[in-house]
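I opened my notebook for a first look at this model. Here is what I looked up, entry by entry.

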Amino acid sequence: MTAVQTRPPASESEPRTIARKRGRITVGTALVYFAAFFLAVLWLVPFLWALSTSFKTETEASLGQPIHWIPETWSVEGYRVLFERGDHLAWMINSTVVSTIVTVLTLGLCVLAAYGFSRLDFPGKKVIYAVILAGIMIPPQALIIPLFDVVSALKMVDTYWGLALPQVVAPVMIFILKRFFDAIPRDYEEAAKLDGAGHLRILWSVILPLSGPILAAVGIFTFIGSWNNFLWPLLVANDPSIMTLPVGLGVVAGGYGLFYAQNMAAAILGALPLLIVFMLFQKQIVKGVAGVGLSR
Amino acid sequence: MTTDTETPAAASTAKQPPSRAARAPKRRSWLGLWFVLPFTAVYAVFLLWPMILGLYYSFTDKSLTGRPVTWIGLENWAEAFGDAKAWDSLWNTAWFTILSTPPLVILGLAFALLAHRARKMGWFLRLSFFAPFVIPVSVVTMIWVWMYQPAGGLINHYLGEWGLGGDRLWVFQEDAMGSVVITTVWWTLGFNFLLYLAALQTIPTEVYEAADIDGANPLQKLWSITLPLLKRTTALVIVLQLINSLRIFDQYYLMAGGGSNLSPENVFIQYIYNAGFVGFRVGYASALSYILFVFILIVALVQFRLLSRKED
């Protein structure tokens, strides 16, 4: 909002595109860049402060005053203790396993179902699709009590499957994929059909190759969502050895007391995997929010 | 919605219109069911069945201790409606929603407008604003609780330095809910920011060029071009935000304790959780869950309408 307001009226007599072509920098543009840069740095402060604290000695970290952004004595003690204790690494492995199961299953099941709803006709199709779509409106948090009952009846408490399977139910992904498949012209499939290809073959060699970006978006979002899921893993993983990273950090690591350097080292290591995923896939994620976030 | 399943695209691309009609009955077979069955099975076991089970439990005295279940009719519901603590926690959830939604929507838009203009810094801005969204909630609360500390905490240090509080002022204690809101805004703003940014990028520049010729100033352009064109996005952002805020649990649960004055029973999901897993009263917790469900459903129905209108 401030961005546009701060532009001086003087520059408005000229269409923006022309101004840009000449490479002129107006006061307004400079202000926009300054404000944007300032906010972006401000937004990074918590990360930077955590990073700074994680490299301090416990004494310096807990002392606090005066504030040192650069540690007086650099120390990797916090990280060393973390690795010695070993549970952090175990949680990371658990999170990786669970999120991978969730992502692979979600992609597999949702792609099959979306293709079925998009390309095939069968008895009860409309009813099933309507029931699945209605599921978009059900908040998973409102189901935790009976869901826990179901999962314990299936003897899945404290197992990877118990953690993963309830997260595979993502009706919104069916909606997104079906909408995408619907938009793929049927012409592409005609040739394959004439060659006698079955539906699985058409899905695999015609539809999927055309769906790269949407599959990436759905996959990355499912992975991030599952990695960061807190409430369900909190309920179903009671044994610290099966806990995922967010639960382990929140429940177990929180209990180690006021070791700030160590805590921040855990925070930095906890943030790192998905920050790396984010940096690698920034383009797909930004596009994916538009698609998966359903703004378009 | 239902008409969409017969895709118009298929009709228009079919080479010979009559052949489609001839083909239609052949396509209608049980084959398609096998494609949707795997997902539908998981969906039924882990979503539909718990929904039904929860409704059933809400009329029983079902307990986590596993003693036999008896039907007690509307007792749980009557208790829930008269439970002052439950309504307190529901009000707290609503209060959090009221406090967090406006900044999350308005700042999301403001940041997106900035990033849209400052294109040369695009990569850096997207990284900085969205990165917090991808990190686990416990990391977020660990960092923020540390920043909120009275002694050695970053925030109170600078507040003190700028004369905005004494040495021992503790943001986290003075207004704990405000602290949760600030943390939540930092954590989740990136999502709304990206929704708005994507929407801004779909606005053709020609629209603005026409306004430039008419001599419109930036404020006029924002008010009469950009904002109206973002109406749909804004509606969706608000609805998604309301749903997310009503579901507050994670960051509250993690920040309660740790020296704050947040009461551990102060949000509704926490109250449900405690009724079920601390008090072992699954039946009562199920009734409470359904009350939350109805609130979210009302908001979600609006979302659903927005979505289906887009699909037309």
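I began with burial: of the 312 residues of chain B, 45% count as buried (20 or more other C-beta atoms within 10 Å of the residue's own, with C-beta atoms placed from the backbone). I noted that this is a predicted model, where local features need pLDDT of at least 70, side-chain atom pairs count only at pLDDT 80 or more, and totals for chains, interfaces and linings use all residues. Residues are numbered from 1 along each chain as its sequence is written, and chains are lettered from A and ligands numbered from 1 in the order in which they are written.

Next I looked up the secondary structure: chain B has 16 helices and zero strands (DSSP runs numbered from the N terminus, H or I of at least four residues for helices, E of at least two for strands).

Then I turned to the partner chain. How many residues does the contact take from each chain? I found 97 from chain B and 95 from chain A, with contact meaning C-beta atoms, placed from the backbone, within 7 Å. Helix H3 (residues 31–57) of chain B gives the most to its side, with 19 residues. That side of chain B divides into 68 nonpolar, 19 polar and ten charged residues (Ala, Val, Leu, Ile, Met, Phe, Trp, Tyr, Cys and Pro are nonpolar, Asp, Glu, Lys and Arg charged, the others, Gly among them, polar).

Last, I checked one meeting point: Pro246(A), Leu249(A) and Gly250(A) in H15(A) meet Val137(B), Ser138(B), Val139(B) and Met142(B) in H7(B).

Technical notes. Contact = placed C-beta atoms within 7 Å. Buried ≥ 20, exposed ≤ 12 C-beta atoms within 10 Å, placed from the backbone.
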